[in-house]
Amino acid sequence: MYAYDQYDQTLVHERARQFRGQVARRISGEITENEFKPLRLQNGLYMQLHAYMLRVAIPYGLLSSKQLRTLAHIARVYDRGYGHFTTRQNLQYNWIDLKRMPDLLDELASVEMHAIQTSGNCVRNITSDPYAGVAVDEFEDPRPYAELLRQWSTFHPEFAALPRKFKIAITGAERDRAAIAVHDIGIRLVRREGDGAVGLSFLVGGGQGRTPTLGAVIRPWIEKEHLLSYTEAILRVYNRFGRRDNLFKARIKILVKSLGADEFARQVDAEWERIKDSELKLESSEIESMKAFFAPPSYDSSAGGSLDAQRLSKNRPYARWVERNVERHRVPGYAIASISLKTRDLPTGDLTADQMDAVAALADEFSFGELVVNHRQNLVFPNVRIDALEALWKRLETLGLGLSNVGTITDIVCCPGLDYCSLANARSITVASALQERFADAGRADEVGDVTLNISGCINACGHHHVGNIGILGIDKQGVEHYQLMVGGSHEDDASFGKILGPAFTQEEIPNAVDRLVSAYVALRTSPEERFLDTYRRLGDAPFKERVYARD
Amino acid sequence: MRVISERRIVDDAWISVEPGAALPAAGHGVVAFSDWLARKDTLRATNSPLGVRVHSDVDPAALAAEAPNFALIAIEFPTFKDGRGYSIARLLRDEHGYRGDLRAVGHVLRDQLLAMERVGFTSFELAPGKSLESAVEAFAEFSHAYEAIGAGITSVRALRRRA
């Protein structure tokens, strides 16, 4: 993985020192809360319902075991013993004391981490494919480009006060596991027709939130050396012309829509022509030296075994875990294993400090000391020997982390909701746990098969409800929490947004409603191979609506 | 009034001129861009240096066409959240080659100064009540910059290429 040099290290330490001064000036009253707000936000510190929440950046979701141990230490010493992994591959703490924040930033800096630009109207953490570097369907590892973008965007002086927040995702694989179509900029490494050269394809203007929009391709292919200049051209057009009069219309998707993707692309191209040969142009040596950081680990060429054999193991719970949580790896003898953070003991995406330490130890033992946070709030061990999978599973079981539900209906994506968040209209964690309870029977979950269920406690869509096959959106109806049920969303290559099925449900009603929806699918599908999404797309919402809203 | 110019606190020679009003007898006047466009022939007759003040929605190309007339361009930040001024500054410097004094005025705060300097601002009129002494310390908070944005900045990328 990327390793800081003296420059990166100096900058994160200087950032911590700068924030120490800002906190002191806030406490002395030299700056107002209104003026302090953007400063703390650009260090990931939000004021929530009960306390400050801190969002720590995990660039493209990649963590070393050492970093995870420090995150555990911070959870223990600065928070209440746990952390929450988010849909943007970051980690959040919920109970932070402002006065101790500068020390906390120093602790992060000591393991090459920070909270820079994890909030505020600036370029946020760059996200990517959790299987980057190990996926069987990858053209090229996207992480070197993600890291180049991370550095370019860090303290970019021109783009610190954009009209609104700005999210960039990049993938290098055939299958999109980074949800690039719902980002302000989605970048894909693609082969050019004809000579097959790998370049970059740029999508702009995707997003969820209040106005769900799929990104439009404004540049189907461009040489990789133009990564930074083309991105900068997009940001400059947005910074100049994005709306600033209305917070809800300030994202780049609104600008792209109002100009039209073609006109937007024309303006970007005009700007890019001017700067493409500037210092922003990447030299091939820079790309190559960045790639070297992401070189594969030293795989054991004698590692053997097949995943199919593991799936047939007589140890049925283990075989089920392999079936659900383990995927093929590009190197023979290795596999990609997911650790589900959708247990029934803790809220979605949460991990205790002790579990973090234990997972760090497992990463050292089983996955070359590295792990990845994915955008469905699970952890991924990218490099596990197939012949060690069963040992890993047994250890996970003892930690309460051996759950075999990845990709099933209980692998719920969920925002913190009204239990923590000052923007939320409704609780989401309680809904998630009620649904976990409802579908706790593994037989039932298996019968239903692959389905994504995403819950957001408000329209801002941190729980990505628009792109869940089943989406649940918390709303406030005359002071009572209600939940809209949405159907038909997808965050993958066939990205689409769910449609509201009908009138909203109360918190008590929602588990039954989802149960009926799922039963409708099981009854309507042509065979167990037809996925929920495909049945819905084939039939439309009418038969589902009829069954969900039927009177008993 | 005191401002920050090239990282030092100085007494300012520039005086703001209301639209249509006479230029000051002593010191240098700063007129609104619309005022300049309305009476540039008259204003051009003055012997002393002239400054112009623009809003954050100004078209940099239109401003650049007039820029040879000005020794100072002051870009207004109506609130610190309005970041358009940063792009305008960069375009004036990098695309249009403006070399005069570029000043940030309006809701200008200590913690923005380094970024403003990097995109090309040379002087700063802080928001009312803000300490200039505290503000000048902000320029020294970071030793490096990832990208070569700003006069005399050697980017981290360039430092690494040389290594």
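Okay, let's start with chain B: of its 163 residues, 41% are buried, and buried here means 20 or more other C-beta atoms within 10 Å of the residue's own, with 12 or fewer counting as exposed, anything in between as partly exposed, and C-beta atoms placed from the backbone. Before I go on, this is a predicted model, where local features need pLDDT of at least 70, side-chain atom pairs count only at pLDDT 80 or more, and totals for chains, interfaces and linings use all residues. Residues are numbered from 1 along each chain as its sequence is written, while chains are lettered from A and ligands numbered from 1 in the order in which they are written.

Staying with chain B, we have seven helices and eight strands. Those are DSSP runs numbered from the N terminus: H or I of at least four residues for helices, E of at least two for strands. Its C-alpha atoms fill a box of roughly 55 × 35 × 30 Å along the principal axes. A compact globule with 163 residues would have a radius of gyration near 15 Å, and chain B, at 16 Å, agrees with that. That radius is taken over C-alpha atoms, and the globule rule is 2.2 Å times the number of residues to the power 0.38.

Now chain A. Here we get 18 helices and 21 strands, and 55% of the 552 residues are buried. The box for its C-alpha atoms is roughly 65 × 60 × 55 Å, again along the principal axes.

What about contacts along the sequence? Two residues are in contact if their C-beta atoms, placed from the backbone, lie within 7 Å. Take contacts between residues at least 6 apart in sequence: in chain A, 67% of them join residues at least 24 apart. For chain B, that share is 44%.

Let's zoom in on a sheet. Five strands of chain A form an open sheet with mixed pairing, in the order β6-β7-β8-β9-β10. In general, strands of a sheet pair through backbone hydrogen bonds, either parallel or antiparallel. In chain A, β8 (residues 185-191) and β9 (residues 198-204) run antiparallel, joined by seven bridges. One of the pairs is I185(A) with V204(A) in β9(A).

V204(A) comes back in the largest nonpolar core, which has 209 residues: V204(A), L517(A) and I73(B) touch the most other members. A nonpolar core is a set of buried Ala, Val, Leu, Ile, Met, Phe, Trp, Tyr and Cys residues joined through C-beta atoms within 7 Å. Leaving out residues up to four places away in sequence, L517(A) touches I470(A), L485(A), V487(A), F544(A) and V548(A).

One more residue: is G61(A) buried or exposed? G61(A) is buried, with 26 other C-beta atoms within 10 Å. You'll find G61(A) in the loop between β2 (52-56) and β3 (62-64) of chain A.

Last stop, where the chains meet. Each side is listed: 30 residues from chain A and 30 residues from chain B. On the chain A side, α1(A) gives the most, with six residues.

Notes: Pairing = 2+ DSSP bridges.
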